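This briefing is intended to be read beside the sequence and the coordinates. Please keep both in view while working through the points.

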Amino acid sequence: MSEDRHPLHCILPPYILERLAESPDARVRRRAIDTIAQSAALRATRSTLAAMGAMAAIPSPRARKHRLVYDAKHGNFVDLPGVLVREEGDRASKDPSVNEAYNHSGYTYDFYKRVFDRNSLDDRGMSLVSSVHLGRRLNNAFWTGEQMAYGDGDGSLFVRFTKSLDVVGHELTHGVITHTANLEYRDEPGALNEHLADVFGSLVKQWKKDQTAAQADWLIGPDIMGPDTEAEALRTFRDEPAFEDDPLFGTDPQPKHMRDKYTGSSDSGGVHINSGIPNHAFYLVARAIGGRAWEKAGRIWYDSMLALTPTCGFADMAERSLQEASSLFGARSRERRAVRDAWKAVGL
Amino acid sequence: MRIRYREAGGFAGISRGVDIDTATLPEDEAHDVGALVEAATPRGLQREGPPEARDLRGYEIVIEHDDGRTVLRFDDATIPAAVESLLAYLQDRARPRPPE
């Protein structure tokens, strides 16, 4: 890997930078990509586009799998992305966080490409940009609207957030959602956003392990739980709490039925809480259909995601998934019955 | 001085918080907390990260003191450098709480 990591600190118009980003010279390509990623002007452009429901993306040199992993070196959000430490095709790093971000984003790309013929988050081959070592002891991972960012965890509640494939799949799916349904991030649309991120995060993991719905753990985040908690995971799709009376985490707040839906204002109207309701519905569908969950249940959910609009809620998702099940498998199919029964079981 | 700390959301979706009354703390710790608060900011602030971001954790620190009430609200994208030490102190003492 080249040691030359300096972006092109000169005033180049975007179309020139994009051409340089496709240069056969790796050093030129990397510098151009760095500049694009760090360009304040592009950030402003992206913010404007995001408000319009579309999003600019860091172009991939050949519109296919292209990963960029940066080290944030414990800087803050404003310092993102940090220093480029591993690019597509580079050898493995000595840093496990870098390798996990690289490998897990690669598995997620492969999952979307092979299962749904989707070419990256925007279906146009955008680069997958990850930054590791964000902040100090940061107990979080998030999608900035442009890239993934991962904290190291505090070593007590959590370890590094790159460690779980379902976490990486979840964050990348936020990027897919932005480019498809673009669900608003509050109340039911926000919980639906979180639900879809959990579903495809879990399916990436099941696909990588080649597990059937009966074999899967249906857990989110089991590999990032810290040494000081006995909680097995952060969330479960099953009809049971992921943790209860844990000294560090308390009791899992996720409902599994509409009658228990959270109605407060915390967490943007409970986006990480109420996602438990559709999560459980998806689990019921996958278990009822059987086999590998990404093949049928996942297909129904993926096609539904493409059809949803920003203000859709749970009832819209239920209706849409019924329509997609009918289209894919027939109006009297057992797959459609499984979808109908699952939504009914969670009160929809 | 009383401090109310709450955090919610983020990938984990866990709500945690702590309420501290410096009058109940050992004198040295109360002094240190006072210094952390003074360093944090003399005024309130409300900052939100980019609207297109997902899984940002939200933080709220409410400080009630002799001169009035200071409210600090921010998220993972907007943590003010001046608040980092106070935030670390509060996070070390935070415990799980049901979502409010």
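The notes below go from the overall model to its domains, core, strands and backbone exceptions.

This is a predicted model, in which local features need pLDDT of at least 70, side-chain atom pairs count only at pLDDT 80 or more, and totals for chains, interfaces and linings use all residues. Residues are numbered from 1 along each chain as its sequence is written, while chains are lettered from A and ligands numbered from 1 in the order in which they are written.

**Confidence and overall make-up**

- The predictor assigns the complex an ipTM of 0.91 and a pTM of 0.87.
- Chain B has an average pLDDT of 92, and 99% of its residues score at least 70; pLDDT is the predictor's confidence in each residue, from 0 to 100.
- Chain A contains 11 helices and 7 strands, where helices (H or I, at least four residues) and strands (E, at least two) are DSSP runs, numbered from the N terminus.
- Of the 348 residues in chain A, 53% are buried. A residue is buried if 20 or more other C-beta atoms lie within 10 Å of its own, exposed if 12 or fewer, and partly exposed in between, with C-beta atoms placed from the backbone.
- Among the contacts in chain A with a separation of 6 or more, 58% link residues 24 or more positions apart. Two residues are in contact if their C-beta atoms, placed from the backbone, lie within 7 Å.

**Contact between the chains**

- Chain A contributes 31 residues to the contact and chain B contributes 25 residues.
- On the side of chain B that touches chain A, 13 residues are nonpolar, 5 polar and 7 charged. In this classification Ala, Val, Leu, Ile, Met, Phe, Trp, Tyr, Cys and Pro count as nonpolar, Asp, Glu, Lys and Arg as charged, and the others, Gly among them, as polar.

**Domains of chain A**

- Chain A is assigned domain 1 (64–178) and domain 2 (187–345); the bounds come from an automatic or database domain assignment.
- Taken over C-alpha atoms, the centres of domain 1 and domain 2 of chain A are 22 Å apart.
- In chain A, 22 residues of domain 1 are in contact with 25 residues of domain 2.
- On the domain 1 side, the elements that give two or more residues are helix H4 (96–116) and helix H5 (165–178) of chain A, and H5(A) supplies the largest share, 8 residues.
- By class, this side of domain 1 of chain A has 11 nonpolar, 9 polar and 2 charged residues.

**Nonpolar cores**

- The largest nonpolar core has 93 residues, of which Phe282(A) and Val285(A) touch the most other members. Such a core is a set of buried Ala, Val, Leu, Ile, Met, Phe, Trp, Tyr and Cys residues joined through C-beta atoms within 7 Å.
- Helix H6 (residues 187–209) of chain A gives the most to this core, with 9 residues.
- This core lies between domain 1 (64–178) and domain 2 (187–345) of chain A, because both give residues to it.
- Leaving aside residues up to four places away in sequence, Val285(A) touches Ala297(A), Ala338(A), Val339(A) and Ala342(A).
- A second, separate core of 14 residues includes Ile3(B), Tyr5(B), Ala40(B) and Leu90(B).

**Strand pairing in chain B**

- Strand S1 (residues 2–9) and strand S2 (residues 16–21) of chain B run antiparallel and are joined by 6 bridges; two strands pair if DSSP finds at least two bridges between them.
- Tyr5(B) has Val18(B) in S2(B) as its bridge partner.
- S1(B) and S2(B) form a hairpin with 6 residues between them, and Gly10(B) in the turn has a positive phi of about 75°.
- Strand S4 (residues 57–65) of chain B pairs with S5(B) in the antiparallel sense over 8 bridges, and these two strands form a hairpin with 2 residues between them.
- Strand S3 (residues 45–46) and strand S5 (residues 68–75) of chain B run parallel, joined by 2 bridges.

**Backbone exceptions**

- Most residues other than glycine have a negative phi, and most peptide bonds are trans.
- The peptide bond from Leu80(A) to Pro81(A) is cis, with omega near 10°.
- Trp218(A), which is not a glycine, has a positive phi of about 55°; Trp218(A) counts as buried because it has 24 C-beta neighbours inside 10 Å.
- Asp55(B) has a positive phi near 75° and lies in the loop between S3 and S4 of chain B.
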